[in-house]
Amino acid sequence: MKYIIFTDLDGTLLDHHTYSFEKAKEALVFTKENKIPVIICTSKTQAEIEVYREKMNNNDPFIPENGGAVIIPKNYFKSLLDKEKNRYIIVELGTPYYIITNVLNELKKITGATIRGFSDLTPEEISTLTGIDTDSAKRAKKRSYSEPIIIEGSSEVVRDIKKKVSSLGLNFMEGGRFHHIFGSATDKGKAVNILIRIYKEDTKEPITTIGIGDSLIDLPMLKAVDIPIVVKKFSGNYDGRVHIPGLVYADGIGPEGWNKAILDIVR
């Protein structure tokens, strides 16, 4: 039986504060040695993911910006041969970034709320808010399909803006550090299902899919897999908004929980 792992990054495979995956190294080494794909499925941009793929020695497909695209390394699948001189085959699902930022600007006008997106922030400001260095912040600004935003105000203000976003034809998802605005076709679950279909066509063998995340924004991904897993958040608690039949509760925060849960299943 072939396993395929779909994983969130922030607060899941990466420590919430340090962005380190050190505590998940044992499982990452095991998956690499046993040729188990680890597919990053995150709100981070392609530019950010590429850095972590290099650090992890990961050569598998990946899903940036909450399902904005499916990005497949050239010649990864036998069934998807690309004669072009491109590094990747890219299946785009998301709404172009300029449309999303136009909607964000419209939101500011019609609500009067204080809303700041990554397009409004300098790399230095993003660095201060997130704890990442300025080079990483510059990569975080290289967005194609989504916009992380900060809303100043009560939960009622957030709910009102969520309704306004929907009325303007986009989706709004509450996240950890940031909320996210993206197109109606952008969905972690849709992107995951596309890759699952390709793997099944390519391998011609039984596949068991694993999904692992830490928050509500991961729910579409978790619904799309055979074994959904949630790790504890940095507070030591599970995200109570994540409800799904058969959900596995990892014994540990972030990458520590990731390591234990993955090894318990695949080893």
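**Close-up 1. The second largest pocket has a volume of about 320 Å³.** Here a pocket is an open set of points on a 1 Å grid over the protein atoms alone, where a 1.4 Å probe fits, with protein on both sides within 12 Å along at least five of seven lines. A volume is the space filled by probe spheres set on the points, joined across faces, edges and corners. This is a predicted model, where local features need pLDDT of at least 70, side-chain atom pairs count only at pLDDT 80 or more, and totals for chains, interfaces and linings use all residues. Residues are numbered from 1 along each chain as its sequence is written, and side-chain values use heavy atoms, with hydrogens and water left out.

Look for K35, I36, P37, D60 and Y76, which lie nearest the centre among the 20 lining residues (those with an atom within 4 Å of a point). Helices α1 and α7 (188-203) are the elements that give two or more residues to this lining. By class, the lining has eight nonpolar, six polar and six charged residues (nonpolar: Ala, Val, Leu, Ile, Met, Phe, Trp, Tyr, Cys and Pro; charged: Asp, Glu, Lys and Arg; polar: the others, Gly among them).

**Close-up 2. The largest pocket has a volume of about 460 Å³.** Its lining takes in 28 residues, with D10, S43, R177, F178 and H180 nearest the centre. Sorted by class, that lining has eight nonpolar, ten polar and ten charged residues.

**Close-up 3. Helix α1 (residues 25-33) packs with helix α9 (residues 254-266).** Helices are DSSP runs of H or I with at least four residues, and strands are runs of E with at least two, numbered from the N terminus. The angle is about 35 degrees, and the axes are 8 Å apart (lines fitted to C-alpha atoms, for helices over the stretch in contact, with angles from 0 to 180 degrees between N-to-C directions). On the α1 side, K25, E26, A27, L28, F30 and T31 make the contact, and on the α9 side W258, N259, I262, L263 and V266 do (heavy atoms within 4.5 Å). These residues come out as seven nonpolar, two polar and two charged.

**Close-up 4. Four strands form an open sheet in the order β6-β7-β9-β8, with antiparallel pairing.** Strands pair if DSSP finds at least two bridges between them. At the edges, β6 (114-117) and β8 (170-173) each have a single partner strand, so one side of each is left without a neighbour in the sheet. Four bridges join β6 to β7 (residues 146-152), and I115 stands opposite I151 in β7. Helix α6 (residues 155-167) lies across β6, β7, β8 and β9 (179-183), at about 155 degrees to β8.
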